[in-house]
Amino acid sequence: MKIQQISLFVENKPGHIAAPARLLAENGIDIRSLYLADTQQFGIVRMIVSDWKKAAGLLESHGYAVKVTEVLAIQVPDHPGGLADVLGALDGSGINIEYMYAFPFQCEGQAILIFRFADPDAAIAHLQKAGVSVLAGDELLK
Amino acid sequence: MNSILEASATGCHPASVPDYTPIAQLRELQLQRMKAVVARASQQVKHFQSRMAERGLAPQDIRGLEDIAKLPFTVKSDLRDTYPFGLFASPMKDVVRLHASSGTTGKPIVVAYTKQDIDVWTSVLVRCFAGCGLHRGDIMQIAYGYGLFTGGLGAHYGAEALGAAVVPTSGGNADRQIMLMKDFGVTAICCTPTYFLHLIDRAAELGVDMKELPLRAGVFGAEPWTESMRRHIENRSSVEAFDIYGLSEIIGPGVACECRCHQGLHIFEDHFYPEIVDPDTGEPLPDGSEGELVLTTLSKQAIPMIRYRTRDITMLLTGQCECGRTIRRMARIGRRSDDMLIIRGVNVFPSQVESALLEIEGTLPNYQIILTREQGLDQMEVQVEVTPHMFNDKIGALQGLQGRIQGALDHVLGIRVRVALVEANSLARSEGKAKRVIDRRTS
């Protein structure tokens, strides 16, 4: 259920995302989603890639500060209120969403959102009980 | 005889015997050697000869040890101005080794050794290592850079002469350093303290517990470090951390080193005569006062160095060390007189920045101080590399870290500084030593 996301520290300067992207490309690693959280001075690149172990090792050996985080990919019906319903399933659970972003591929009228929860296991249990579909990594990367 | 008995009773290496010389005998030896080295420099080194002549001084003016204060100082620029061989007292046929400083700007500083100089250098390092409790049978990893820098080869010769098994890894390639340390059962390491902190962090990432290794001693030098770094190193690894001091202009590492009492660094004063002077006036200061360390080489042949201004701030400690050594000790070097930055009228030392960073993060990230002048006002920015250990994928956490660093620096320094988080391995390094200050202020 849990998916490994790779995060990377980059300075907010021209060319600083291109270099790691090129490194992954040269090693045949496909970036399935990329989200940049930025401040004026620095940014965090969050990526879901075809081979996270290889990507993390490669980036570390090139001197990058890398973190592997477990996130959940959740299917959200692509109609008004779809997201609100999913989030509603967490109401009252005390489960905190640390951040979220959209996965750029859709399947069969469903949007996919990536969630980082403080406690992913508790989130999985809650969401599944509420009938929300949490995708496994291989479903996402196929 | 008594000193020899004492030395063997403490289980020391025979080479450590001079450490226990009775004081009167030591002073007599120093005076004899001082007279000889001043005479030799006056005869062989034109530069020194003319300095002496300007002051109307002759070697015979040295009658007692205190007369050294009459002699002119030697400063770093004297080595630059006479580049490459101007201060040599030996012909090249007697020189067996040349070393040079990294010299980030212009010409490097060149130093030379005769066979006897190498032997003296080796002997003082044996005394350093023996004082750290190391002996034959130890496996010593030398992770100082080998090459023109004196650290690697100096420590190497000393460790070999001690009888240890030497693993000459030189600097760099942390993963391999850790692998060899573990696989060979290395018992002692010599490197810069910041490099060892880096090894501790990297070992944790590789799943190697530095507290579980046979490593029991770390001999750290080539840059000033702090008591908080010692605590940190000793908490996170199995080593007992020793401070070793030296500089290429005098001989390289091995001018002074801590013993297991860790109450200051014993100066091998039968070869290096220490004085403390006021860094502003050059006036000699009594033992126990803080000032600039000035060293005179008492036995060096190739380049006798008379009253060399080290720019290192310390004091000579009074009273004898519990270990029984009679040679004097100096306090740990916390700062250099030329390290001091004056920012908006406030004195700032890079070591203060270092302590603040270490307190916050529990690790010492590589950092750099950038000074600029904006609209006539000095600005200080501290750039801190984000190590994997510090990195967090939440913006808020990184901003929190930035804020904590900012707060600690403001508090310690008493001035407002800017803190910038930068990518790991993005700040310049030379010889494994980080370049700490970049001053872009145009005066």
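Domain bounds here come from an automatic or database domain assignment. On that basis, chain B is assigned a domain 1 (1-337) and a domain 2 (341-439), and the C-alpha centres of these two domains of chain B lie 30 Å apart. This is a predicted model, in which local features need pLDDT of at least 70, side-chain atom pairs count only at pLDDT 80 or more, and totals for chains, interfaces and linings use all residues. Residues are numbered from 1 along each chain as its sequence is written, while chains are lettered from A and ligands numbered from 1 in the order in which they are written.

**Overall form of chain B**

- Chain B contains 11 helices and 24 strands; helices (H or I, at least four residues) and strands (E, at least two) are DSSP runs, numbered from the N terminus.
- The radius of gyration of chain B, 22 Å, agrees with the value near 22 Å for a compact globule of 443 residues; the radius is taken over C-alpha atoms, and the globule rule is 2.2 Å times the number of residues to the power 0.38.
- Along the principal axes, the C-alpha atoms of chain B fill a box of roughly 70 × 55 × 40 Å.
- Of the 443 residues in chain B, 46% are buried; a residue is buried if 20 or more other C-beta atoms lie within 10 Å of its own, exposed if 12 or fewer, and partly exposed in between, with C-beta atoms placed from the backbone.
- Among contacts in chain B with a separation of 6 or more, 66% join residues 24 or more positions apart; two residues are in contact if their C-beta atoms, placed from the backbone, lie within 7 Å.

**Domains of chain A**

- Chain A is divided into domain 1 (2-69) and domain 2 (71-141), with 23 Å between their centres, taken over C-alpha atoms.
- Contacts link 9 residues of domain 1 of chain A with 12 residues of domain 2 of chain A.
- On the domain 1 side, the elements giving two or more residues are β1 (2-11) and β2 (31-38) of chain A.
- That side of domain 1 of chain A holds 3 nonpolar, 4 polar and 2 charged residues; Ala, Val, Leu, Ile, Met, Phe, Trp, Tyr, Cys and Pro count as nonpolar, Asp, Glu, Lys and Arg as charged, and the others, Gly among them, as polar.

**Interface of chains A and B**

- The interface brings 17 residues of chain A into contact with 15 residues of chain B.
- From chain A, two or more residues each are given by β1, β3 (42-49) and β4 (66-77), and β1(A) gives the most, with 4 residues.
- The side of chain A that touches chain B comprises 8 nonpolar, 5 polar and 4 charged residues.

**Local features of chain B**

- A cis peptide bond with omega of about -5 degrees joins B:Y83 and B:P84, and B:P84 is placed in the loop between α4 (76-81) and β1 (95-100) of chain B.
- B:A222, a residue other than glycine, has a positive phi near 75 degrees; B:A222 lies in the loop between β6 (217-220) and α9 of chain B and counts as buried because it has 26 C-beta neighbours inside 10 Å.
- B:H262, also a residue other than glycine, has a positive phi near 50 degrees; B:H262 lies in the loop between β8 (252-258) and β9 (265-267) of chain B and, with 16 C-beta neighbours inside 10 Å, counts as partly exposed.
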